[in-house]
Amino acid sequence: MLDLNSASLIFLTLSLCFISLFFLFFSASSNPSNKNPCPQSYPIIGNLPGFLRNHHRFHDWVAEMLSQTPSCTLQVNSFLNLSHGICTANPINIEHLLCANFQNYIKGSRYYNVLNELLGQGIVNIDAHVWILQRKIASYEFNTKSLKHFISDVVKSEITNRLMPFLSKACNDDMVIDLQQVLQNFTFNNICNVAFGVDHAYLQNSSFVKAFDDAVENCSSRFMSPIPAVWKMKRVMNIGSEKRFKEAVKVINEYAMEIIISDENKEIGSNQDLLSRFMSTSKNMEFQDQEQRRKFLRDIIISFILAGKDSTSTALTWFFWLIAGNPRCARLIRAELSSLPELELRPRIFSYDELKKLHYLHAALSESLRLFPPVPINSRLTVDKDVLPDGTYIGKGWFADYSAYAVVGSLSLRGGWMLMERFSHQINFDSRCFIADLGCV
Ligand code: HEM
């Protein structure tokens with residue numbers, strides 16, 4: 001006869017075996033190929049241990065793992081096998097995701113669950129006909145000369161009236177500054193002025209700036225959350241970071257709506273900013289009511305602010321960081337700049353046509369973007385199962401991540417320097433090593 005303790009122990013052991021077998025079976029049946037390279041993955045917890053260990057160096061961790069696979073692509077199994085996906089840095093696969101089989105790779109719930117409250121139906125967060133419509137409107141506007149001039153005027157004014165005076169004073173006073181913060185303020189002022197037509201002073205007096213930063217921060221944590229059920233639970237209970245997020249979104253909505261309503265009274269075509277342009281286009285579109293029209297405008301504008309703000313400041317920050325470590329490159333950029341005719345005006349601002357002649361600067365910026373892409377990783381969801389060009393199987397409803405940050409490593413593995421060679425040939429000097437020794441491909 002077994003005593004009660006032994007019986008419980010056997011029951012517990014059998015239950016654990018059963019659960020493990022269930023998850024093993026589930027994971028095997030949900031992945032018909034099971035041949036994809038995979039980082040160390042466990043039956044129940046998937047890749048969670050590796051993710052938690054490397055959370056603080058996520059992009060380097062991903063790049064390292066990808067570089068150890070035959071074609072820079074691996075399979076990812078999440079906690080409890082609740083989701084599966086692949087991650088790739090192989091340019092042929094990326095081209096397949098974003099172009100060749102574009103219809104099969106949508107933003108879907110992968111984006112929507114995380115960004116819905118902040119972005120609603122804005123271009124960054126949507127697919128299908130709503131995306132096509134916004135994309136068409138945006139590409140038309142961004143190709144107009146008037147918008148190009150407006151953006152150029154806004155940036156000129158921000159540089160002349162705020163950025164340069166601030167940097168000159170910092171130099172004269174021998175101040176130590178946080179350049180990343182300065183560039184973040186610079187791009188935020190620019191993008192808000194381009195999007196809403198609002199002046200810096202108006203922006204500084206509102207809680208919009210902080211609310212926007214808080215909201216973006218929370219969305220990033222949601223994306224990086226190893227167990228999304230945790231933040232979803234916090235959202236339902238309206239506690240902690242999710243409570244603060246809800247408050248931040250409220251501030252952003254109120255701020256945007258206030259500007260939209262005040263702009264409704266202005267004459268159509270009197271302003272050049274994006275909101276005024278989208279407003280005038282939306283006059284020809286059908287909406288259920290005024291509220292729905294305002295929400296359309298709010299969503300598209302907030303998407304633009306989100307997309308333009310941190311991407312540009314991150315690009316500039318990495319660029320100056322690389323320049324600071326590579327004086328040779330700084331000297332070459334200066335030499336190229338001084339080859340343009342001198343002007344009396346200070347600070348000297350370059351026109352679009354002059355900028356087109358700055359080939360070395362262009363190449364240096366391009367290399368900086370390649371080495372440290374401001375959107376280092378991005379994601380899609382599959383509509384149907386597929387096989388990527390390198391033979392990787394991908395199931396229906398899986399996520400497909402692509403790491404732009406890991407692409408430089410993948411290119412150097414497969415002779416991608418050819419691309420740079422071609423580029424350098426075009427601009428007629430050796431561009432194989434513009435900036436960083438660490439990143440020469
Ligand atoms: C160095 C600066 C920038 C970089 C590196 C960058 C990079 C990117 C990338 C990689 C995407 C693709 C996202 C995806 O496919 O999911 C994207 C989308 C987008 N970007 Fe940028 N961006 C920059 C600046 C800007 C600026 C200044 C604006 C606005 C004025 C902007 C507006 C957008 C919009 C609206 C989208 C969504 C497009 C769509 O879904 O069709 N970006 N950007």
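**Figure 1. The hairpin of β1 and β2, with Leu80 in its turn.** In this hairpin six residues lie between the strands, and Leu80 there takes a positive phi near 60 degrees. Strands here are DSSP runs of E with at least two residues, helices are runs of H or I with at least four, and both are numbered from the N terminus. You are looking at a predicted model, in which local features need a pLDDT of at least 70, side-chain atom pairs count only at pLDDT 80 or more, and totals for chains, interfaces and linings use all residues. Residue numbers start from 1 along each chain as its sequence is written. Strand β1 (residues 73-77) runs antiparallel to β2, and five bridges join the two. To find one of these links, look for Val76, whose bridge partner in β2 is Gly85.

Figure 2. How many residues of β1 are buried? Five of the five are, so β1 is largely enclosed by the rest of the structure. Here a buried residue has 20 or more other C-beta atoms within 10 Å of its own, an exposed one has 12 or fewer, and a partly exposed one falls in between, with C-beta atoms placed from the backbone. In a regular strand the side chains alternate between the two faces of the sheet. On β1, Thr73, Gln75 and Asn77 point one way and Leu74 and Val76 the other, and all are buried. Strand β2 (residues 84-88) likewise has five of its five residues buried. His84, Ile86 and Thr88 lie on one side of β2, with Gly85 and Cys87 on the other.

**Figure 3. An open sheet of five strands.** Follow the order β1-β2-β7-β4-β3 across this sheet, which has mixed pairing. The edges are β1 and β3 (105-106), each pairing on one side only. Two strands count as paired if DSSP finds at least two bridges between them. Further in, β2 and strand β7 (residues 399-403) run parallel and share four bridges; Thr88 has Tyr402 in β7 as its bridge partner.

**Figure 4. The surroundings of the ligand.** Which residues are closest to the ligand? Of the 13 that surround it, the closest are Ala307, Gly308, Ser311, Ala315 and Val375. Helix α14 (residues 290-324) gives the largest share of the shell, seven residues.

**Figure 5. The largest nonpolar core and its neighbours.** This core has 37 residues, and Ala195, Ile252, Leu275, Ile301 and Ile305 have the most contacts inside it. At least two residues of this core come from each of α5 (108-119), α8 (179-196), α10 (208-224), α12 (240-264), α13 (274-282) and α14. Another core, of 24 residues, lies apart from the largest one, with Cys87, Phe399, Val407 and Val408 among its members. A nonpolar core is a set of buried Ala, Val, Leu, Ile, Met, Phe, Trp, Tyr and Cys residues joined through C-beta atoms within 7 Å. Now pick out Ile305: setting aside neighbours within four places in sequence, Ile305 is in contact with Ile191, Cys192, Ala195 and Phe212. Contact means that the C-beta atoms, placed from the backbone, lie within 7 Å. On α13, the buried residues are Leu274, Leu275, Arg277, Phe278 and Met279, and their cover includes α6 (128-142), α8, α12 and α14.

**Figure 6. Confidence along the protein chain.** The average pLDDT is 85, and 84% of the residues score at least 70. Residues 20-33 fall below 50, and this stretch has 17 contacts in the model beyond near neighbours in sequence. Residues 413-441 are also below 50, with 40 such contacts. On its scale from 0 to 100, pLDDT is the predictor's confidence in each residue. Where pLDDT is low, the predicted coordinates should not be read in detail.

Technical notes
Near = placed C-beta within 6 Å. Contact = placed C-beta atoms within 7 Å.
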